[in-house]
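User: I'm new to this structure and would like a friendly walk through its inside. Could you take me through it step by step?

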Amino acid sequence: NGNLYSKDGMTLIQYSSGKKDNEFIIPKGVTSIRDYAFYNCDNLINITIPESVTSIGDYAFSDCDSLTNIIILEGVTSIGDYAFSDCDSLTNIIIPEGVTSIGVHAFYNCDSLTNITIPASVTSIADYVFYGCDNLTNIIIPEGVTSIGERAFEYCYRLTNITIPESVTSIGDRAFYSCSSLTNITIPEGVTSIGSGTFTDCYRLTNITIPKSVTSIGESAFYNCDSLTNITMQEGLTSIGDKAFLGCDSLTNITIPESVTSIGDSAFTGCHSLINITIPEGVTRIGRITFSDCSSLTNITIPESVTIIGEYAFNLCISLTNITIPESVTRIGAYAFSDCYSLTNITIPEGVTSIGYSAFADCSSLTNITIPESVTSIGFGAFSKCSNLIIYCKASSVPTGWDDHWNYTNCPVVWGYK
């Protein structure tokens, strides 16, 4: 019949590429389907896999563009890597009980797939397994699954609901990246970290609770979740990664637990609705661009543990009127408070040794600032365009470490202020 089998007839090695049939029933007695056996068989629409088959090889049905339906009977225990990848017309598949392993990229870019049932025998969701299944609307991950792989559901644009069981302890990087129809998700107790980009561009996600077991939130974990209004973090969390909540436009309040010691660069950049935030004791550094463009932020509490305020940390916080810099701070980075148009009062404590270039540029409502003798370095244009500012310097003259153009817009300066 043109198909190639092993001598004992138990392995289907290659389906005849010249066949024009729309349907094929794999003969009973076949126990394995070899890698690439049906690769790029464009005419096949329906296929039945008998109970005798126990394994489906890598790329076995990959690029079968017309395949719409496949029946896998009980008996199969493993589905190989890329087994059904790029089967553009596949709308439905039932994976039988007994399957314990589904390979990476197994259903990659099956963009007509609307529904799939994962059996309870499966213990892990592999990397990229449903990547690009952009018509998949609903999926239930069974109890017993312990891990969800990297990019497992990335670009599943129409996925509105997913249930993650309590057995899951690991969620990989970008697992739900750009699942833009997802509105709600519960992360189970037992998960210890939320990986990089896990929920990036989940535009409709409104609410999420992070359980006590989570100790770290990865880079860009909730990047551009611009419908997210509330997030609950628990004690036990120690680090918030770079860009973790960047562009979360609707987030109004967030409580960072006392256990957090590290907040990454750009962690809350562009959170335009954020009004109030308290940074816990234990955090030693406010990173680069951390709260930049938080245009509604009116109040922030910086603890005594912080020693460095990074570049652009509060740039464009245009509603911020007052801030207290604790005595522990030694360095204020470049552009740290630039374009804070409403800032009227700020105290630089003894202990600060360095103020970066343009640190307070365009703070047009700032009327006075006192620079202590501990400051040995001030960068170019630190107070540029502060049109209403009088600078009180405790030093009697310009210290040698200050840039020649530290005050290039010529704010009035009082030297030797006591």
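## Cysteines, core and cavity

Analyst: Happy to! This is a predicted model. Let's start with one cysteine: Cys41 has 9% relative accessibility, so Cys41 counts as buried.

User: How many disulfides does the structure hold?

Analyst: A disulfide needs two cysteine sulfur atoms within 2.5 Å. The closest cysteine sulfur to that of Cys41 belongs to Cys64, and because the two are 5.1 Å apart, they are too far for a bond. Cys294 is in no disulfide either, with the sulfur of Cys271 nearest at 5.1 Å. The number of disulfides is zero.

User: Is Cys294 buried or exposed?

Analyst: Residues under 20% relative accessible area count as buried. Cys294 has 0% relative accessibility, so the word for Cys294 is buried.

User: How many residues are in the largest nonpolar core?

Analyst: The residues with the most contacts inside this core include Phe38, Phe84 and Phe268. Phe84, for example, touches Ile56, Phe61, Leu90 and Cys110, among others, leaving aside residues up to four places away in sequence. The strands β5 (46-49), β7 (69-72), β31 (368-371) and β33 (390-393) each give two or more residues to the core.

User: Which polar residue lines the largest cavity?

Analyst: The largest cavity has about 30 Å³ of space. Its lining divides into seven nonpolar residues, one polar and no charged. Ile102, Ile118, Val122, Ile125, Ala126, Val129 and Phe130 are in the lining, and these residue types count as nonpolar.

Definitions and conventions. Residues numbered from 1 in each chain as written. Predicted model: local features only at pLDDT ≥ 70, side-chain atom pairs only at ≥ 80, totals over all residues. Heavy atoms only, no water. 1 Å grid on protein atoms, 1.4 Å probe; cavity = no way out; pocket = protein on both sides within 12 Å on 5 of 7 lines; lining within 4 Å. Points joined across faces, edges and corners; volume = space filled by probe spheres on them. Buried < 20%, exposed > 50% of the residue type's maximum accessible area, 1.4 Å probe, protein only. Core = buried A, V, L, I, M, F, W, Y, C linked by side-chain atoms within 4.5 Å. Helix = DSSP H or I, 4+ residues; strand = E, 2+ residues; numbered from the N terminus. Contact = heavy atoms within 4.5 Å.
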